[in-house]
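Q: Could we go through this model together, beginning with the terms that its helix packing calls for?

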Amino acid sequence: TIAPLRKPTWIRAKSQGTPEVARLKDVLRTAKLHTVCEEASCPNLGECFGKGTATFMIMGDICTRRCPFCDVAHGRPNPLDADEPRHLAETIRDMGLRYVVITSVDRDDLPDGGAGHFAACIAESRKLSPTLTIEVLVPDFRGRMDPALTIFKDNPPDVFNHNLETIPRLYKQARPGSDYEWSLDLLERFKTLHPDVPTKSGLMLGLGESLEEIEAVMRDLRAHGVDMLTLGQYLQPSKNHLPVDRYVTPEEFDHLRVIGEQMGFSHVASGPMVRSSYHADLQAENVLHY
Ligand code: SF4
Ligand code: SF4
């Protein structure tokens with residue numbers, strides 16, 4: 001067996017947490033809601049919760065797909081909880097959040113891929129927190145793009161995020177069941193329907209791609225009207241997941257940010273610890289002008 005790569009110094013350890021973070025975690029336990037922040041043991045948790053940002057995972061924690069880089073359980077998901085939109089809205093209000101990212105596992109088992117549930121979560125959360133900014137980070141609704149886009153028509157989010165995750169050459173290996181062109185198409189068609197809502201996408205680096213391949217994906221995203229970009233380092237959740245091929249240096253991340261800005265992205269977050277939702281509020285600030 002090959003020994004895993006040693007983590008470089010720029011990969012930070014987990015944050016320790018403050019009394020305020022403990023209080024917010026209590027609110028979450030009472031509401032029985034899942035956050036990616038906690039489940040992925042995200043190193044940015046203290047900072048994000050402290051600033052009123054969190055990423056919620058709706059529609060359960062069992063995914064119908066099996067991406068070998070991802071730590072989410074897979075199998076047959078539980079039925080949808082019709083009360084979840086209301087519980088989510090109450091929790092967001094009780095946590096005093098100002099920017100939320102709502103995301104989900106992939107629900108290939110549902111006729112609309114879960115779009116209706118997303119829309120209900122947006123509507124309920126807006127009702128209880130009128131000044132809240134809502135970003136959705138959606139699955140690809142494979143085979144169900146038309147109903148999904150129709151459902152979002154009446155309840156569009158403030159930011160529409162869908163991650164490509166990696167370069168097309170690595171899709172077969174890293175994203176079985178997903179399709180690069182389909183994902184680009186989803187981003188483009190949402191933008192056509194909602195020209196005023198910023199679209200966003202992201203990649204994990206360090207899975208074996210070259211810098212040229214990353215730049216080609218960035219060009220594809222711009223060609224499909226995508227406004228915002230996140231680039232972060234892939235970290236292996238356990239030894240049973242895809243290994244890290246290499247650690248991209250902070251200088252390379254900086255270089256990609258500059259190139260992205262030159263390509264016309266309105267915001268590029270690029271760095272080893274960047275996650276799709278990291279500083280999502282700041283990423284959106286100069287795009288949404290709120
Ligand atoms: Fe949560 Fe995203 Fe912040 Fe991590 S970066 S703590 S997942 S909001
Ligand atoms: Fe994880 Fe998303 Fe892949 Fe499901 S579709 S296994 S949640 S990355």
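A: A crossing is right-handed if the near helix is turned clockwise from the far one by less than a right angle, and left-handed if anticlockwise. Helices are DSSP runs of H or I with at least four residues, strands are E runs of at least two, and both are numbered from the N terminus. This is a predicted model, in which local features need pLDDT of at least 70 and side-chain atom pairs count only at pLDDT 80 or more, while totals for chains, interfaces and linings use all residues. Residues are numbered from 1 along each chain as its sequence is written, chains are lettered from A and ligands numbered from 1 in the order in which they are written, and side-chain values use heavy atoms, with hydrogens and water left out.

Q: Which hand has the crossing of helix 4 and helix 5?

A: Helix 4 passes helix 5 in a right-handed crossing.

Q: And what are the angle and the distance between their axes?

A: Helix 4, residues 84-95, and helix 5, residues 115-128, pack at an angle of about 40 degrees, and their axes are 8 Å apart. The axes are lines fitted to C-alpha atoms, for helices over the stretch in contact, and angles run from 0 to 180 degrees between N-to-C directions.

Q: Which residues meet there?

A: From helix 4 the residues are Glu 84, Pro 85, Arg 86, Leu 88, Ala 89, Glu 90, Ile 92 and Arg 93, and from helix 5 they are His 117, Ala 120, Cys 121, Glu 124, Ser 125 and Leu 128. Contact here means heavy atoms within 4.5 Å. By class, this contact has seven nonpolar, two polar and five charged residues. Ala, Val, Leu, Ile, Met, Phe, Trp, Tyr, Cys and Pro count as nonpolar, Asp, Glu, Lys and Arg as charged, and the others, Gly among them, as polar.

Q: Turning to the ligands, which residues are around ligand 1?

A: Around ligand 1 are Cys 37, Cys 42, Asn 44, Leu 45, Cys 48, Thr 55, Ser 277 and Tyr 278, each with a heavy atom within 4 Å of it. This shell divides into five nonpolar, three polar and no charged residues.

Q: What about ligand 2?

A: Ligand 2 has Cys 63, Arg 65, Cys 67, Phe 69, Cys 70, Asp 106 and Arg 175 around it. Its shell has four nonpolar, no polar and three charged residues.

Q: Back to Thr 55: buried or exposed?

A: Thr 55 counts as buried because its relative accessibility is 5%, where buried means under 20% relative accessible area, exposed over 50% and partly exposed in between, with a 1.4 Å probe and protein chains only. Thr 55 lies in strand 2, residues 53-58. Beyond its neighbours within four places in sequence, Thr 55 is in contact with His 34, Thr 35, Val 36, Cys 37, Val 101, Thr 103 and Ser 277.

Q: Which residue has a phi near 55 degrees?

A: That is Lys 32, where the value is positive in a residue other than glycine. Most residues other than glycine have a negative phi. Lys 32 is in the loop between helix 1 (19-31) and strand 1 (34-35), and counts as exposed at 71% relative accessibility.

Q: And how is Met 59 placed?

A: Met 59 is in the loop between strand 2 and strand 3 (62-63). Met 59 has a positive phi of about 65 degrees although it is not a glycine, and counts as buried at 4% relative accessibility.
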